[in-house]
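Trainee: I am new to this structure. Please show me how to read it.

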Amino acid sequence: MSILVVGSIAFDTVETPFGNVEDVLGGSATYFSTSASYFADVNLIAAVGEDFPDEHVAFLKEKGIRIEGLQRLPGKTFRWKGYYDYDLNQAHTLETHLNVFEEFKPSIPEDFKDSEVVFLANIDPDLQLSVLEQVKKPRLVACDTMNFWIENKPDSLKRLLSRIDLFVINEGEAREFAGEYNLVTAARKILDWGPDKLIIKRGEYGALMFGGNSVFSAPAYPLEDIFDPTGAGDSFAGGLMGYLANTEGGDAYRQAIILGSVMASFNVEDFSLNRLKGLTLKDIHKRYGEFKSLTHFEDLQ
Ligand code: AMP
C-alpha cells in the first residue's frame, strides 16, 4: 500500500562534534520518503525552489518515490542551519529560512486523494491540515512536529491533533508542548488532545509508545559511530509508517517501532542521506534481528 507524505525538502547546514556539512540535501519529507521507500510506495507532496538541482530530483525518482506532487516554485528552497554538541539528542537551530514554503499551497494529485495511509511530516501545521483536508478517507493518519511550530503555531497544531490517529514527537518537544516535565503526565495530556497513540522519540534512549492504558518501550541500537543525528526522527517515522502501511493488527505497532529504530540507527551513521540511501533489505533485516536479541530475555526460573 502507498503512503502520502507532506513535509519539507531542504538544504541543511549542520555541525556536529564529528564534522560539518553545508547545503546538503535534507528535510523531513526527504528523510521520511527515502526511509519508507524500502517498504512501501511513497507519494510525495512538497515544494522546492529554482535553485534545487535536478540530481536531487533524480535521486528521489531512483528511490521509486512518486514526485507528481512536488512543486518547483519561484524563489529559494527551504534552508535549515543547526548544530549539535555532545548531547546529540538535542538539535540547536541557528537559522530557518522557510523560503518557498511561505507561498506553498499543497495540491494533491487526483490519484493520491484516496491514499489510505498519510504521514504529515514536520512542516507548518496549517500546511499539514490543508493536505489532510484533501485526502478522502484515510485509514491511518500520523504526524510529527518540532519546537519551531509548537512555539509559533500551537493552536493550529492542536486543531491538527484532534484529527489524527498517531502523533510522533521527540522527548523535549513533548515536554514543551504539554508544559509538563514528567513524560507519562505529558503523554496523557497530549493524548487528551486527540490522537489514539503517541510515540515519544528519545534519541539514543529509544522510544516510548503510549495508547489506551498501555506503554511500550523500545531500545535504541548501541552504536559506536554516530556522526549526525539530523533526520533520525524522520527516518524512524519512515520505517514505522512503511511497515504499518502493509501490516495491520497483532504486534504491528511494536514491530513497526523497532523497524523505525533500525532505520534511524542507520541514518545517524553518516551526514545527510549518505547512509540511508545505499541500504539493502538484507542490512535492514540483519539489524532488526540484532535489535531483537538486544532486548530478549526469558521468564524467571
Ligand atoms: P529530524 O528528523 O527531526 O532530525 O529532522 C531533520 C530535518 O528537519 C532537517 O533535514 C531539516 O531540514 C528539517 N527542518 C528543520 N526545521 C524545520 C521546520 N521548521 N519545518 C520543517 N522542516 C524542518
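Trainee: Over which ring does the charged end of Lys 158 sit?

Mentor: First, some ground rules. This is a predicted model: local features need pLDDT of at least 70, side-chain atom pairs count only at pLDDT 80 or more, and totals for chains, interfaces and linings use all residues. Residues are numbered from 1 along each chain as its sequence is written, and side-chain values use heavy atoms, with hydrogens and water left out. A charge sits over a ring if NZ of Lys or CZ of Arg is within 6 Å of the ring centre and within 35 degrees of the ring normal. Here the charged end of Lys 158 is over the ring of Trp 193, 4.6 Å from its centre. Arg 287 lies over the face of Phe 266, 4.0 Å from the ring centre.

Trainee: How many aromatic pairs are there?

Mentor: Rings of Phe, Tyr and Trp (its six-membered ring) pair if their centres lie within 6.5 Å; planes under 30 degrees apart are stacked, over 60 edge-to-face, the rest tilted. The count is 11. One is Phe 18 with Phe 227: the centres are 6.1 Å apart and the planes at 80°, so the pair is edge-to-face. These two residues are 209 residues apart in the chain. Ring pairs also join Tyr 86 to Phe 18 and Phe 227 in a cluster.

Notes:
Helices (H or I, at least four residues) and strands (E, at least two) are DSSP runs, numbered from the N terminus.
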